[in-house]
Amino acid sequence: MDDKILEVKNLHVSFDTYAGEVKAIRDLSFEVRRGETLAIVGESGSGKSVTVQTIMKLIPMPPGRIKSGEIWFEGQDLVKVSDKVMRQLRGGKIGMIFQDPMTSLNPTIKIGKQIMEVIKLHKKVSNAEAKKLAIEMLDKVGIPKPKDRFKQYPHEFSGGMRQRVVIAIALAAEPDLLICDEPTTALDVTIQAQILELINQLKNEMNIGVILITHDLGVVAETADRVIVMYAGEKLEEANVVDLFYDPKHPYTWGLLESLPRLDMDSNERLKAIPGTPPDLLNPPKGDPFAARSDYAMVIDYEEEPPLVDLGNNHFVKSWLYVEGAPKIDPPFRLKRKDKTDGEDL
Ligand SMILES: Nc1ncnc2c1ncn2[C@@H]1O[C@H](COP(=O)(O)OP(=O)(O)OP(=O)(O)O)[C@@H](O)[C@H]1O
């Protein structure tokens with residue numbers, strides 16, 4: 001069975017500004033399968049939000065423009081479908097959760113009614129049936145006393161509970177794909193963990209595909225099955241979550257991992273921020289976009305676009321370091337891994 005639900009192929013997205021063409025997404029390809037969470041990570045401005053907003057056709061056009069590429073979702077290329085079809089898909093087959101739950105909820109409407117509206121928009125059901133489904137959904141996302149909570153307004157909920165309501169709305173129409181853009185950034189740490197756990201649990205229960213955008217590698221480690229590392233609008237590395245953390249290949253991924261606090265750090269070891277700033281997307285570099293900030297850049301990195309190298313096991317890296325004849329280098333550090341069989345750190 002083909003469980004692929006989304007396939008993005010060679011996507012290019014630009015914004016036409018007074019200063020010129022901002023090349024926000026360049027030649028991006030990836031897939032999402034049922035039952036998996038694909039995390040998209042990268043620093044601010046790397047193109048994470050533009051990627052998912054393009055999938056949902058929510059980028060402002062103009063100035064935004066899909067220059068080329070395809071976005072296949074359930075047999076349709078979303079690049080080509082009408083606005084009417086997109087309106088039906090958004091909140092229907094494609095659920096969305098954003099950073100700030102308050103912006104996704106209407107403060108003047110009781111939350112039960114807001115969930116019912118989504119259900120009725122996407123399913124042919126009676127009011128009574130929609131109400132029943134809405135209460136079930138509130139229960140499913142872990143809201144205590146769902147019958148009472150049904151009649152309350154968003155401001156009567158705490159931040160974490162509000163995000164649960166947003167998840168209930170996103171999943172009310174039983175989507176196949178759930179897009180989460182920094183879903184826990186606005187929440188405090190203990191609530192963050194609960195919301196991530198909830199998304200994970202519902203993903204498994206409902207067998208949906210999830211795209212999770214985050215700049216937080218801790219969130220990735222906890223929730224993702226697969227990871228795409230984006231930089232300057234490009235995919236620089238893609239791997240399953242274990243390989244990404246324990247066998248990262250791109251110098252940019254090394255930089256991201258080095259800037260992450262780790263339990264195995266010596267007390268005198270300091271976190272390293274990646275020096276420098278990302279390139280100007282009005283005029284992106286022709287070679288490896290990370291070259292100017294990388295300790296491992298070679299002459300060719302400044303001159304020619306690196307190939308996307310297939311390392312096997314669905315691990316891809318866009319780098320000259322892994323073509324035949326390239327110098328062998330060791331990553332600057334390795335995350336230690338507890339191996340249960342011999343009890344030693346690997
Ligand atoms: N409306 C717009 N007009 C011009 N440029 C834009 C517009 N929207 C986004 N961009 C540019 O597209 C690039 C990618 O932005 P995007 O918001 O996707 O980054 P991001 O990785 O999601 O960052 P963050 O974590 O800060 O949200 C940035 O250079 C941004 O300036």
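The chain holds twelve helices and twelve strands, where helices (H or I, at least four residues) and strands (E, at least two) are DSSP runs numbered from the N terminus. Its radius of gyration, taken over C-alpha atoms, is 21 Å, close to the 20 Å that the globule rule gives for 346 residues, so the chain is as compact as a globular protein of that length; the rule is 2.2 Å times the number of residues to the power 0.38. Please keep in mind that this is a predicted model: local features need pLDDT of at least 70 and side-chain atom pairs count only at pLDDT 80 or more, while totals for chains, interfaces and linings use all residues. Residues are numbered from 1 along each chain as its sequence is written.

**Overall build**
- Along the principal axes, the C-alpha atoms fill a box of roughly 70 × 50 × 40 Å.
- Of the 346 residues, 39% count as buried (20 or more other C-beta atoms within 10 Å of the residue's own, with C-beta atoms placed from the backbone; 12 or fewer is exposed, and in between is partly exposed).
- Among contacts (C-beta atoms within 7 Å) between residues at least 6 apart in sequence, 64% join residues at least 24 apart.

**The eight-stranded sheet**
- Eight strands form an open sheet with mixed pairing, in the order S6-S7-S8-S3-S9-S10-S12-S11; two strands pair if DSSP finds at least two bridges between them.
- Strand S6 (94-97) and strand S11 (308-310) are the edges, each pairing on one side only.
- Neighbouring strands of this sheet are turned by 20° against each other on average, direction ignored.
- S7 (residues 177-181) and S8 (residues 209-214) run parallel and are joined by five bridges, with Ile 179 opposite Ile 211 in S8.
- Helix H7 (residues 159-172) packs on the sheet, touching S6 and S7, and its direction makes about 170° with that of S6 (axes are lines fitted to C-alpha atoms, for helices over the stretch in contact, and angles run from 0 to 180 degrees between N-to-C directions).

**Around the ligand**
- Of the 16 residues around the ligand, Phe 15, Ala 24, Ser 44, Ser 49 and Val 50 come nearest (a residue is near if its C-beta atom lies within 6 Å).
- Strand S1 (4-17), strand S2 (20-33) and helix H1 (48-55) each give two or more residues to this shell, and H1 gives the most, with three.

**Leu 28 in strand S2**
- Leu 28 lies in strand S2 and counts as buried because it has 23 C-beta neighbours inside 10 Å.
- Leaving out residues up to four places away in sequence, Leu 28 touches Val 8, Leu 11, Thr 51 and Lys 235.

Technical notes: Two residues are in contact if their C-beta atoms, placed from the backbone, lie within 7 Å.
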